[in-house]
Every structure is written in C-alpha cells, then in structure tokens.
Amino acid sequence: MATVDLPRPAAMAIADPDRLKHKFSRNIKERIIEMILFLAALVSVATTLGIVFILFYESLAFFRHVPLVDFFTDTMWTPLFSEPRYGIAPLLMGTLVTSAVALCVAIPVGTVIAIYLSEFAPFSVREAAKPFLELLGGVPTIVYGYFALVFVTPLLQKVFPGLPGFNMLSAGLVMGVMIIPYISSVAEDAMRAVPMSLREGSYAMGATRFQTATRVVTPAAISGIAAAYILGISRAVGETMIVAVAAGMQPNFTINPAEPASTITAYIVQVALGDLPHGSVGYQSIFAAGLMLFLLTLVFNILGHWMRRKYREAY
Amino acid sequence: MGATTTGTDLHAGKLRALRALIASHKRWDLFFASVGVLALMFGILAFVALFFDMAVDGVPRITPDFFASFPSRRAENAGILSAWVGSTLVMLVTALAAVPLGVGAGVYLEEYAPRNWMTDVIEINVTNLAGVPSIVYGLLALGLFVYQFGLGQSILTAGLTLALLILPVVIVATREAIRAIPVAIREGAYALGASKWQTTHDHIIPYSMAGILTGVIIGLARAIGETAPIITIGALTFIAFLPPPPVQATAPFVNFEWLTSPFTVMPIQMFNWTSRPEEAFQANAAAAGLVLVVMTLVMNALAIYIRYRLRRNIKW
C-alpha cells in the first residue's frame, strides 16, 4: 500500500506493469495473515471472558436463591440435604487447611532445594536434578491422589493410630510434594538472576558460601522467592484430584488436619460425579464455588506475577 | 620481655579464635550442603516410593489383556481399552486445536503485535490463564461447551477444553523459542525483499520448531494426566464400547462421528478404580496409574531431550 506513494522511475513501471499488482495482492495476503494470527491470540482473551461470563452468569442465578450473607456466614454446607444450607466457610476451611499442610512441606523443602541448586550444587548435580524435578512436577495429580490414599495414609496410620482413612493431613503432605518442584524452580530462577558481582563482593569479604547464600543472594532475590511461595499457594488452592481422592468429600468446618473434609475443588468434583439436573440450585452452586476459587487464585496469581516482575527490574 | 610473651599469647589466642570461627563457618557450609542434598533426596525418594508402590501393586495386572479389555464389574477382567483409545482421540483433538492457536498467538505476540494496550491485555491474560486452576476450565466447558453450545459430553468438548488449558504453555514456549532467534536473521530476510509473512514462514517458524515442539509435548503430557476438567464436564466413567473409528474402508474414508461420541480417558478410569473399596480394583488403579506415569514420563523426557539437543546444536 505504501508503495503507491513512493517515487519510482517511470521506465521501471513500464517495463514491469504487473509489479504493482503483485505487491497489492501480496499486501492483502499479509494483512489477512496478520488478522488470522491476531484472532489466534484473541482466543486466550476469549477464554478468560468465557470463564468470567459463565462463572458470574450461573453464580448470579445461584445468589438469587441463596442470600450472599448466608453464603459467607453460615458454617454448614449441605446442598444435597432436603433442607440445603449453603455456607462456603467449611469448604474454604478445608482448602485452607490442606493448603497450609502442603505449604509446610513445600516451602522449606522447595527453598532449600532452590538455594542448594543455585549456590552450592556442582554443575553436574544441577544438570541432573533440574530435569528430574520437572518430571516430578509432570506426574498426573490423580496418581498423587492414589499415592496419598494407598501409601501415605496407611503409613501415617502407623504413626497416629486413630487417623481416619480419609484425612486432610495425608492429602496436604502429598500436595506439598507435588508443589516442591514448582516453588524450587521459580525461586531458583530468582536467585540465578542475582548478578554474579554481588556474590563476588561477598566472597571477597571472606564470606562462606552459606553466608553469601543466606545474607546476600536470598535478600537480593527475596521478591522472586516470595513470588514462588505465592504461586505455590495458588497451586495448592486450585489442586483438585489429590484432595478429592484422599481427603474424603464431606464438608467439615474444622482446622484439625487429621479429620476428613472437603475443599472447594473437591466439592465441584463431587457434584459433577453425581447427576444434578442442569439449572438446579445444586448445579449452580458449583459455579458459585468455582467463582470463589477463581477469584482467590486470581488474587494470588496477580500478586505473584507482580512480585516476580519486580525482581526482574531491580538489576 | 613479659609484655612480648603476652603479646604473642594474645596473638596466638586471636589466631586460634579466628581459626575456630572459620572452622565453624565451614561446618555451617557443609551442614547446609548436606541439608540441600537431603531435600533433593526427599523429592527423589517421594517419587521412587510413588513409583515402586504402584509398580508392586500394578505390574501383575499389566498384561496384553489389560490393554485389550473394557472396564468390567469384575476387577480381574477389567482393562483400559476404552480409556487409552479415549485418551488418544482426546489428545488428537487437543493437539489439532492447541498447536495452530498457540503457535499463531505466539507468533503474533512476538513478530506482529504493535506496542499498545491490546497487546498488553493479551500478554497479561496469557500469564493469568496459566495460573487458573484446571477445574475452572472444566466449569467453563460444562457451562459453555456442554450446555450453551450443545456439544454434549463428547470427545470434542474434552479435547477443546484441554486445548484451552494447555494454550498458555504452547504460547509461552513459542514465544521463548522465537525470542532466541537473532534479529540478524529477520534483517537478512527483509534485505532480500521478503515480506513479513515470508520471513516468519520461511525462517522464524522453522528455526523455532524444536522449541515449539518441546512446549507442545509438555503441554500434551499435562493434558493427558488432567482429570478434574474432564470429570467436571460430566464424562461417564463406565464406558464399555469404543467410539466409531475415524477411518473407514468405504468412501469418504474419514468419519467424524467419533467427535460426538461419549468416552472415558485414562485418568478418569484410574479415579474410578481408586474410589472403589475393593482391593482388586486398587490393583487395577495402580496398573492404570503406572501406564499413565510412564506415558507422561516418556513425553516429558522426550521434551527435555529435544531441548537438550537444541541447546547443544544451535549456535547463532
């Protein structure tokens, strides 16, 4: 298109009269391709809009039956009873407890692995460990769920004899193992991004590796490490199959991890497994639960990415 | 004389204290290095325990019959035929949808996108989508695909849902692969009169192929193990038949009926068996889990290998 305005030798135009036509068709083709690629990029935006639309649409219908006040203050979640009560608190509590147990495992172990791989490990160990951690993160969550139910729970029952077959402790512990690679890889990236000159300065002052790692590199990478934790929390909150399989699916308003309980995600699975008719309050309730989950993870994700970007800009 | 002696003593004492300090610091170093190795071992041990626990229960069940039988009420007759066929077909739909969309979006964002608010929105959006829990995609599919669009609880719905789920993975991998290509390649192509699309099609996409492939394989490995979104769309768990075959002997040779067929997939089958109380079904669950883990491990290992080869071979 721009070529039309360009001054050019008249002789050339006469010699090749099709030149302009070719360029025109080529430009059209270019524009069409750009449009197609743009539409492909727009699919991701459409996905988000679709998620937000469907969650709000069905939740609105749900909140026409259930007052918002009850939803947030009631401590019973019994949607399948003849007198259903819809208080999100027990599900939130289950999510909170399982996530807390998971983070008690994943944060210390993930952080130590990150510091070790970034500051201590010889090159060969790091090269071998990173793909292995990736594999650990690639194991399907249903397999972790099976592991929690069939291996970890019986093991825990030997230590705590009164432990029920479904409990949040076992689900949380296994979930922690699942999140370790996630936390360690983001935290390690943050630590590797700390410039070498800071470490060299520290070593030049006579500091040991441990001192350099804990007093120089870790504080310098702290926002990236915090981002790793926050993204880990988001993962734990949204994890479904481990809790659905190993924690039992009964809503239970308790902070005792040794008890069975349901989480937001496990409840959605439970309803989907039964056959509630489309359009019933029970059907709508999973969208209300999903909306809570979506908003919760959204807050953590935005916070996490904001912190992650912050450390990138620091150097 | 006395003063010098105390001076030397003091000196020696300080030296000893300093040495002790250095030694204690070195001990801390050693201590932390061992803690680090222990933490790594913990991860490795957890995986080994998981794998062997499943292998002990599951290996006796892995026979050719297990792959060739439908699920059954009797555990010893049950198999994963409908599950692995379902998984394969769903993955086919997922790959066919996610690869063009993801690569297209990645190419657009790296090569075409102008610096404006629209591009910012798309970028932030992709980052956030990557963090949305998979079960929320299931709700999207249940509300939109199954009921609003009327696609039903079909292979098509499941495939499209998983495609949306892994779209961020493919987009990010494409972008990273493209970003590694030096500007000189593009400048060279433009200098020879190539248009933007010719540059992209003839140079950018081929050179980033290995990186894109890595992302696609990792994405598919994730999709094949996803359970929650498929359960949420209400996929049946007891399927004792196969979808109509996609290829047939008579014209027009291809058949798209399988897209609308009910189905089951490997993780659903495993979940179904896991949630049954009988011991015998637990063995089936272990066997199915073993097959699933080996599948995802092979896919991930392939992706890691491609990336390793790529890092070694390409020197710009």
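A salt bridge here is a side-chain nitrogen of Lys or Arg within 4 Å of a carboxyl oxygen of Asp or Glu. B:R179 and B:E110 meet this rule, with their closest N and O atoms 3.3 Å apart. The two residues join distant parts of the chain: B:R179 sits in helix α6 (residues 155–179) of chain B and B:E110 in helix α3 of chain B, 69 residues apart. Helices (H or I, at least four residues) are DSSP runs, numbered from the N terminus.

This is a predicted model, in which local features need pLDDT of at least 70 and side-chain atom pairs count only at pLDDT 80 or more, while totals for chains, interfaces and linings use all residues. Residues are numbered from 1 along each chain as its sequence is written, chains are lettered from A and ligands numbered from 1 in the order in which they are written, and side-chain values use heavy atoms, with hydrogens and water left out.

**Salt bridges**

Over all chains, the structure holds nine salt bridges. B:E110, B:E123, B:R175 and B:R179 are linked in a network of them. B:R179 counts as exposed, because its relative accessibility is 52%. B:E110 is partly exposed at 23%.

In chain A, the side chains of A:K130 and A:E188 meet in a salt bridge, 3.2 Å from N to O. This pair also links distant parts of its chain, from helix α5 (residues 123–138) to helix α7 (residues 168–192), 58 residues apart. A:K130 is partly exposed, with a relative accessible area of 30%. A:E188 is buried, at 2%.

| Salt bridge | N–O distance |
|---|---|
| B:R179 – B:E110 | 3.3 Å |
| A:K130 – A:E188 | 3.2 Å |
| B:R307 – A:E134 | 3.0 Å |

**Between the chains**

One salt bridge is counted between chain B and chain A. B:R307 and A:E134 form a salt bridge. B:R307 lies in helix α11 (residues 279–313) of chain B and A:E134 in helix α5 of chain A, so the pair joins two chains. B:R307 is partly exposed at 31% relative accessibility, and A:E134 is partly exposed at 33%.

The contact (heavy atoms within 4.5 Å) takes 78 residues from chain B and 77 residues from chain A. The two chains bury about 6,800 Å² between them, 78% of it on carbon and sulfur atoms. That buried area is the accessible area (1.4 Å probe) lost when two parts are put together, summed over both.

The interface also has 12 residue pairs in polar contact, both residues at pLDDT 80 or more. Helix α1 (residues 2–58) of chain B gives the most to the side of chain B that touches chain A, with 20 residues. By class, that side has 50 nonpolar, 22 polar and six charged residues.

**Core and a buried glutamine**

The largest nonpolar core has 183 residues, and those with the most contacts inside it are A:L55, A:V143, A:Y144 and B:F263. Helix α3 (residues 81–112) of chain B supplies the largest share, 15 residues. Such a core is a set of buried Ala, Val, Leu, Ile, Met, Phe, Trp, Tyr and Cys residues joined through side-chain atoms within 4.5 Å.

A:Q211 belongs to helix α9 (residues 209–220) of chain A. A:Q211 is buried, with a relative accessible area of 13%. Leaving aside neighbours within four places in sequence, A:Q211 is in contact with A:G206, A:V216 and B:H25.

Notes. A polar contact is a pair of N or O atoms within 3.5 Å; within protein, one must be able to donate a hydrogen and the other to accept it, and residues adjacent in sequence count only if both atoms are side-chain atoms. Ala, Val, Leu, Ile, Met, Phe, Trp, Tyr, Cys and Pro count as nonpolar, Asp, Glu, Lys and Arg as charged, and the others, Gly among them, as polar. Buried means under 20% relative accessible area, exposed over 50%, partly exposed in between (1.4 Å probe, protein chains only).
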